[in-house]
Amino acid sequence: MILADIGGDVAENTILEVEDLKKAFGGLLALDDLSFDVKGGEIFSIIGPNGAGKTTIFNLISGVLPTTSGEIRFQGKAINGLKPHVIAGLGLSRTFQNLQVFNNMSVLENVMVGRHLQSAYGLISASLRLPAGQREEREIAERAMEHLAFVGLDSVAATSASSLPFGKQRTLEIARAMATEPKLLMLDEPGAGLNRPEKEALDDLVRRIRDRGVTVVLVEHDMVFVMGIAERIIVLDYGEKIAEGTPDEVQRDPKVIAAYLGDEELHLI
Amino acid sequence: MKKRAFALLTMITLLALLVGGCGTPVPPPEPTTPPPPEATTPPEATTPPEPVIGTAYKLGFFSSITGPTSSLGVPERNTAEMIAAQIEEAGGVTGPDGVIHPVDFIIYDDESNPEVAATVASRLIEEDEVDAIVGGSGSGPSLAVVPLMQEAEIPYVSMASSRAIILNPETGESYKWAFKTPQENFHSGGWQAAYVEAMGWDQVCVIYSNDGYGQDCLAQTTAAMEEKGIEVSYSDSFEPTDTEFPQIASVVASGCDALVIGAVPPGAALVTVAAREGAPDLPVVLGHGVCNATMISAAGAAAEGTVFPCGKLMYADGLPDDDPQKALLLKYREDYMAFTGEGPEGLSTFGGHGWDGVMWVLEAMGSLEDGLDLTARRAAIRDYIETQITNWPGTGGVFNVTPEDHLGLTYEALGFVKVENGTWVYFPPEEW
Amino acid sequence: MQSILRTKSARIGATVAAMVLLVAIVLYLGDAKGFGAVQYVQLVLDGIRGGSIYALIALGFVVVFNVTGIINFAQGGFVMSGAMLAVAFNNLALPLPPALKLALAVVFGVVGTTIVGALMERLTIFPARHSHTLTLIIITVGVYIFMQGMALLIWGANAYSLPAFSSLALEDQILRSGGIMLKAQSLWIWATLAVVLVALYFFFERTLLGKALRACAINRRAAELMGINPSRMSLLSFAMAAALGAIGGVVLSPATRPIYDMGLKLGLKGFIAAIMGGMVSSPGAVVGGILLGVLENVAAGVTRAGFKDIFAFVILILILLFRPQGIIGGGERGVEQ
Amino acid sequence: MQREGWRRHQISIGIGVFAIVIFLLGWLEMAQPMGFEFSDVTGGIVSFDTLVRVGLLTIVVVGLNMLMGHAGQISLGQAGFYAIGAYVSAIMTTRAANRGINVLFPGVIREEWWWWPWLMILAGMVITGGIAYLIGRPVLRLKGHYLAMGTLGVGLIIFVLFREGGTFTGASDGVGSVPRLCIGSFEMWPRERYYFLVWAVALAVMWLSLNIVNSRVGRGLRAIEGSELAAQTMGVDIEKFKLQVFVLSTVYASIAGSLYAHYQTLVNPTPFGFVGSLDLVIMAALGGLASIWGAPFGVGIVYVIKEVLRARLQTLLRGAGGEHEIVIFGLLLVLIMIFMPQGLSYAAGKAFGWLRNLSRREGKTEIDRLTEKAT
C-alpha cells in the first residue's frame with residue numbers, strides 16, 4: 001500500500017537554520033562559525049574531505065553532542081541543548097555512518113523501535129497486557145511492516161538484523177529512521193560501501209523519500225551520487241564552509257577544487 | 001483480550017490451589033508422654049549377653065567446617081566423628097530394656113552462614129528425620145535455626161555461646177527445644193571484670209569482632225564491668241580481613257588501663273598483634289573464645305602475657321586431682337589426639353562443647369524404651385536433657401540443666417589462664 | 001548538580017570548600033575522642049602504609065585497563081595468591097637459612113602469581129576477547145571467585161603469617177619515637193613501591209616492549225598495523241598486573257595476616273585508587289592509592305572502624321559521578337567512556 | 001491459525017504449564033501419596049526448603065534479567081536492595097522493644113492486625129523503589145565497568161549501614177523472631193503453604209516481566225543495550241527507561257527480601273554482602289542473562305549443585321561443602337560466560353525448539369503473522 005505524505009504541509013520555507021555553529025573538542029576546533037539553511041522538501045547535501053566535520057554537524061543537530069556555541073533552529077524553534085529523544089520527537093531523524101543497527105533484534109523490531117514515539121503505552125499497560133497497549137502493539141508492527149515494504153526489506157522482516165548483508169543494514173537504518181515519520185531526515189554516508197546497483201536503488205529510494213515530502217540532508221563522499229541527486233550543496237573544509245550553491249556552482253568553485261585537489265572523485269565530474 | 005482472560009485464570013487457579021492446598025494442613029504431631037527416665041547406662045557400657053538390635057537412631061550434627069569460624073567448627077566436627085566411631089564400636093546405645101540401637105551421625109557444614117545453617121537444619125529435620133540435632137559453632141547460625149527447632153519440635157543443642165540461643169530476649173523465657181553447652185560470654189565477662197578489678201584498673205577499652213559472637217562479648221563484658229563499677233571508655237568493632245587497625249589510636253587516646261578483645265582467632269590474633277605494636281604497655285585481656293592453638297600460632301610473640309578465662313580442657317593436667325572434670329578431660333584429650341593424630345596443638349575447648357552436646361543426646365537416647373515413634377523419641381530426649389542433666393561433669397564444666405536454665409553452668413566452669421612461652425598456664429585468682 | 005560543577009572555577013571552589021569542611025569534621029570528631037597530634041600522625045602513617053599497598057594494586061588495574069580496556073576484578077586475587085604462595089613456600093621445611101628462605105618465598109610468590117595471571121589471560125580472557133563488556137566483567141569476577149575458592153581449599157580459613165623482611169636489629173621490627181609507631185615493614189613497602197615505579201617508568205619509556213604496550217594503550221588498531229600483536233600485549237599486561245598484585249600481597253603479608261579472602265577488599269580498594277588516579281595514569285594511581293589509604297584510615301579512626309568501607313565507596317561514587325577523569329586529571333573516562 | 005493462537009498465548013500458556021508443575025510438586029510434598037514426598041523425587045538430594053528458596057531468589061533474578069540482559073545495565077549490588085526489603089519487613093513486624101514503629105508510637109501495632117506484615121511488604125517496595133530512584137538517577141549515567149563498580153559500591157554501603165545499624169538493625173545479630181504471614185487466622189505455614197505463596201508471587205513476577213519484555217518498553221530497553229546512540233535518536237528516553245527498569249528490578253528484590261524475612265524469621269547481614277550480589281549474578285548468568293524463563297533454572301542449578309555437594313560429598317569430604325562450592329561456581333561462571341554467554345536455558349533451548357521459542361527474548365507473535373503475510 002502507499003503511505004500518506006508524512007512530511008505533510010512542509011512548503012518551500014526554511015525548515016532548518018544553523019547559525020554560527022561552533023564545536024570544539026578539547027583544543028581543536030571541529031566546526032567554526034558554520035551557518036546554513038535547509039529549505040523544506042529539498043535534498044540538501046554536505047560534502048567535504050575527511051575530517052571536515054560533516055558527521056559532527058549531524059551529531060550536533062540530532063543532539064548527540066552538545067554545541068560549543070551557536071544556534072540550531074528547526075521550524076523556527078531553537079533545538080540545541082535539547083535531549084536527543086526530544087529532538088527526534090520534533091521530527092528530526094538520522095542514520096549513522098558507522099552502522100548503529102540493533103544487532104540484538106530482528107529486522108522488523110529494529111523498525112518497530114522507530115515507531116517508539118508514534119506509540120505511548122508504558123510499563124503498567126505493558127506488564128498487565130491491557131487491551132489498549134495490545135492494540136497499539138499490533139498497530140506498531142503493521143506500520144513498521146509498511147515501512148519495511150517501502151524500502152523493500154519486508155521479505156526478511158523476521159530474520160535477525162545482524163545477519164543482513166552490509167548494504168541491507170544501511171537500508172534498514174533508513175527504514176528505521178523513516179518509521180519515526182520525520183519531517184527532516186539526515187543520511188550519513190548512506191552510499192558508503194555500496195556497489196553500483198545498490199547505489200542506484202539508494203538514489204531512487206532517497207527521491208521517493210523526498211517525494212513523500214520529507215526533507216533530506218545528505219552527507220556523502222561519492223561525488224557522482226551527490227551531484228546527481230542533491231539540489232543544493234555546501235562544502236566544508238576543516239570545519240569551515242568554503243562554498244554553497246547548486247551542484248554546478250559548487251563544482252566550478254575554485255576553492256572547492258583547491259580543497260579537493262588531487263582527489264580523483266572530482267575528476268569524474 | 002482472550003490472552004488476559006487466560007492469564008488471569010492462571011493466576012486465579014494458582015491462588016485457589018494455594019488456599020485449597022492449605023485447607024488440608026499436615027496433622028500436628030501429638031507428643032506422647034515420654035517414659036519415666038530411669039538410671040541409664042553410659043553409651044560405652046558393656047553390652048548384655050545376647051543383644052537385641054532395635055531401630056537405629058539418627059543424630060544430626062552441623063558445624064562451621066568452612067568460613068570465618070571454621071577454627072571452631074573443625075574440632076567440633078572431628079569430635080563428633082570420634083564419638084560416632086566409638087559408638088559404632090560399642091554397637092550403639094543400649095536402652096533401659098537392653099535393646100541396642102545403632103546411632104547414625106549425619107554431619108553437615110553450615111559454612112559459618114546463618115542461611116546455610118537454616119537450610120541444613122531443615123534438611124536434618126525433614127529429609128534425614130533425625131532424633132535430635134547438635135550444631136552451630138557460631139551464634140549467628142545457632143540463632144537462625146532455633147525457630148525451626150521450635151516449630152519442628154526437635155531437641156537442639158547449640159555449641160555457640162550467645163544466651164539468646166536458649167533464652168527469648170523479649171519474653172525472658174527459655175526456648176522449649178533449645179539447649180547449649182558452652183560457657184557464656186557472661187561468665188567470661190565475669191572473670192574479666194574480676195581480674196580487671198583485682199588489678200585495680202577502672203577504665204577498659206573493648207574491641208570486638210563484627211559478628212554475633214563479638215557483639216555478645218561487648219554486651220556481656222560491658223555488663224560485667226559496670227557491675228563492678230569499671231568504665232568501658234571506648235569500644236569499636238573490627239573485621240578479620242582488616243589490614244590497618246585505626247582503633248588502636250582511639251584506644252591509646254582514650255587512656256584506658258586495659259584492652260579487652262572479644263573475638264575468636266584468627267581475628268583476635270590480628271587485634272592482639274596490632275595492640276601490642278600500637279600500645280606495647282597496654283595489658284590485653286581476651287575472652288574464652290580464644291582457647292585454641294590457632295590463637296597462639298597466629299599471634300605468636302604478641303600472645304605472650306595475655307590473660308583470659310578458658311575452659312579447663314586446655315590445662316586439665318594442671319588441675320587438682322579431686323576436680324570432677326579432670327579424669328574425663330584427660331580422656332577426651334587422649335581420645336581426640338589419638339583420633340585426629342594431631343598433637344596437643346590440635347585441641348580446643350570447642351571440640352569439648354561438641355562432646356558435651358553429643359553426649360547429652362546419646363545419654364538421653366540411652367533412656368528410651370524401644371519402639372517409640374520419632375515424635376515421641378524427640379520429646380523424650382528433650383525432656384531427659386532438661387530434667388536429667390544434673391551434676392553432670394562435662395568438658396565445659398559441671399552442668400545442672402533446669403527448665404529455667406538450658407545451659408546450667410556457673411562461671412566457675414571457666415578457669416583463668418595466662419599465655420607463657422607459647423602455652424596456657426593455669427592462673428587462678430590467688431596468683432593475681 | 002553536574003551543571004553547577006561545569007565551570008572550572010566552580011569545581012575548584014567546591015573542592016576546596018569540601019576539603020575544608022572535611023578537615024573541620026575530622027578535627028571535631030577527633031577532638032571528641034581526645035585525639036592528639038600523636039594519634040593523627042599515627043593514623044596518617046598507617047594510612048600511607050595501607051595506601052601504598054592500594055597503589056601497587058591500582059598499578060595492576062591501570063596496566064590491564066590501558067592495554068585491554070578491561071577492568072580486571074581478579075586483581076585482588078593476585079594479591080592474595082602472591083601472599084599465600086609466599087607463606088606456603090616459607091612454611092616448607094627446607095634446610096635453608098631463614099633469610100634466604102624468605103627471599104625465595106617472596107620470589108616464589110611473585111613468579112607463581114605471574115604465571116597464574118598469564119594463565120588466566122590465556123584461558124579466560126583470550127577466548128572471550130570479542131565478547132560484550134558485561135561478559136568480560138562477569139568472567140573476571142568468576143576468576144576471582146575461583147581463585148579464592150582454591151585458596152580456601154588449599155590453605156583453609158586460617159590466617160597465616162610471614163616474618164618481617166628486615167633483619168634490622170629492631171625490637172620486634174618496630175621503630176618508635178614519641179608514642180608514634182612505625183613498622184619496619186612499612187619502610188620495605190615504601191621502598192618496594194618506589195622501586196616498582198622507577199622500574200615501570202624505565203620499562204615503558206626505555207624498552208621496546210614497553211613502548212609497544214604503550215602504543216597498544218594509545219591505539220590498538222594502529223599498533224596492530226605497526227605489527228604489534230595485541231593478543232600478546234594483552235597477555236603481557238595481565239602477567240604484569242599479576243606480578244604487581246603479588247608484590248603488593250607479599251610486602252603486605254608481614255604487616256598483616258594473609259588469609260584466603262584478603263583479596264576482595266584489597267582489590268576493590270585498589271580499583272578505587274586507580275579510579276581516583278584517572279584509571280590511565282600510573283603516577284595518578286599511586287597518588288590515588290595513598291590518598292585513599294590516608295582518607296579512610298583517618299576517617300575510620302575518628303568515627304567507627306566499621307564504617308571504613310563506606311568512606312571508601314562514597315569516595316568512589318562521588319569521583320565516578322563528578323570527576324570521572326580522576327582527581328589527578330588524566331584521560332576522560334567513566335561517564336564519557 | 002492454530003500455531004498463531006499458540007504463539008499469541010505463548011507466555012500465558014508457558015506460565016500456566018509452569019504453575020501446574022509447581023503445584024504438583026507442592027501437592028506431592030503436602031499429600032505425600034503412599035508416603036512419597038518431594039525429596040524422594042530427587043533421591044533425597046533436593047529438600048523442599050530448597051524449593052522455596054529457589055522461588056524467593058527467582059523473583060530477584062527475574063529483575064536482574066531485565067536490568068542486565070535486556071537493558072544491558074550491570075548491577076553488582078542487587079543484594080543490597082534485597083536486604084532493604086528484608087529489613088523493612090523484619091524491623092517493622094517484630095514487636096521487640098525499641099524496634100520498628102513502636103519506637104515512635106509504643107504499642108501501636110496490635111497482634112490482631114494480621115494485615116500489618118503485608119502492608120509492610122508494600123512499604124518495603126515503596127522504600128526500596130524510592131531509594132533506587134534517588135541512587136539510580138546519578139549512578140545509571142555510568143557505563144560498563146564503571147556502572148559495575150558504582151552498583152557494587154552502593155550495595156556494599158547499604159550492607160555496611162545495616163551491619164552497623166546498632167540496636168535498630170540488630171547489627172550483625174540482625175532482627176530475630178519475625179512473625180509468619182497470615183491471612184486472617186489462616187497462617188502461611190507450614191512450609192508447604194509458604195511455598196505456594198512464594199511461587200505464586202514468583203510466577204506473577206515472571207508473567208509481568210515477560211509481558212514488559214515483549215512490549216514497546218522491552219524493545220526500548222533492548223535498543224539501549226543494542227546502541228544507546230541509535231536508541232535515543234529513535235526517540236527512546238534512555239535515562240527514563242534505564243531508571244524505570246532499575247527501580248522495577250529493585251522492587252522485585254524488595255518483595256523477595258520481605259518474603260525471605262518472613263520465611264527465615266531471622267534477618268542478619270551475612271547473606272546480603274558482596275558475595276550475595278555475586279551469587280545473584282551467577283544465577284542470572286547461568287539461566288541466561290536475557291532469559292526470564294531461565295531465571296528459575298539458573299537459581300535452581302546453583303541450589304541443586306549446593307545440595308548435591310551437601311548430600312553426596314559430605315561423607316566424602318567430611319562435611320565440608322563451602323570451598324568446593326566456591327571453586328565450582330567460579331569455574332562454572334567463567335565457562336558459561338565464555339562458551340554459552342546466553343546461558344544454560346538458551347543452550348538447552350537450542351536442544352528443544354519449542355523451549356527456544358519461550359526462552360527467546362520475545363514471543364514473535366505479530367512479527368510472525370506479518371512475515372507470513374509478506375512472504
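Reader: In what order do the five strands of the open sheet in chain B lie, and is the pairing parallel or antiparallel?

Author: Strands of a sheet pair through backbone hydrogen bonds, either parallel or antiparallel. In chain B the five strands follow the order 5-2-6-7-8, and their pairing is parallel. Strands here are DSSP runs (E, at least two residues), as helices are (H or I, at least four), numbered from the N terminus, and two strands pair if DSSP finds at least two bridges between them. This is a predicted model, in which local features need pLDDT of at least 70 and side-chain atom pairs count only at pLDDT 80 or more, while totals for chains, interfaces and linings use all residues. Residues are numbered from 1 along each chain as its sequence is written, with chains lettered from A and ligands numbered from 1 in the order in which they are written.

Reader: Which strands stand at the edges?

Author: Strand 5 (103–109) and strand 8 (178–180) of chain B do; each has a single partner strand, so one side of each lacks a neighbour in the sheet.

Reader: How many bridges join strand 2 to strand 6 in chain B?

Author: Four bridges link strand 2 (residues 57–63) with strand 6 (residues 132–135), and these strands of chain B run parallel. To follow the pairing by residue, take B:Phe61, whose bridge partner in strand 6 is B:Val134.

Reader: Which domains does the assignment give for chain B?

Author: Domain bounds come from an automatic or database domain assignment, which for chain B gives domain 1 (52–184 + 322–411) and domain 2 (185–317 + 415–431). The C-alpha centres of these two domains of chain B lie 28 Å apart.
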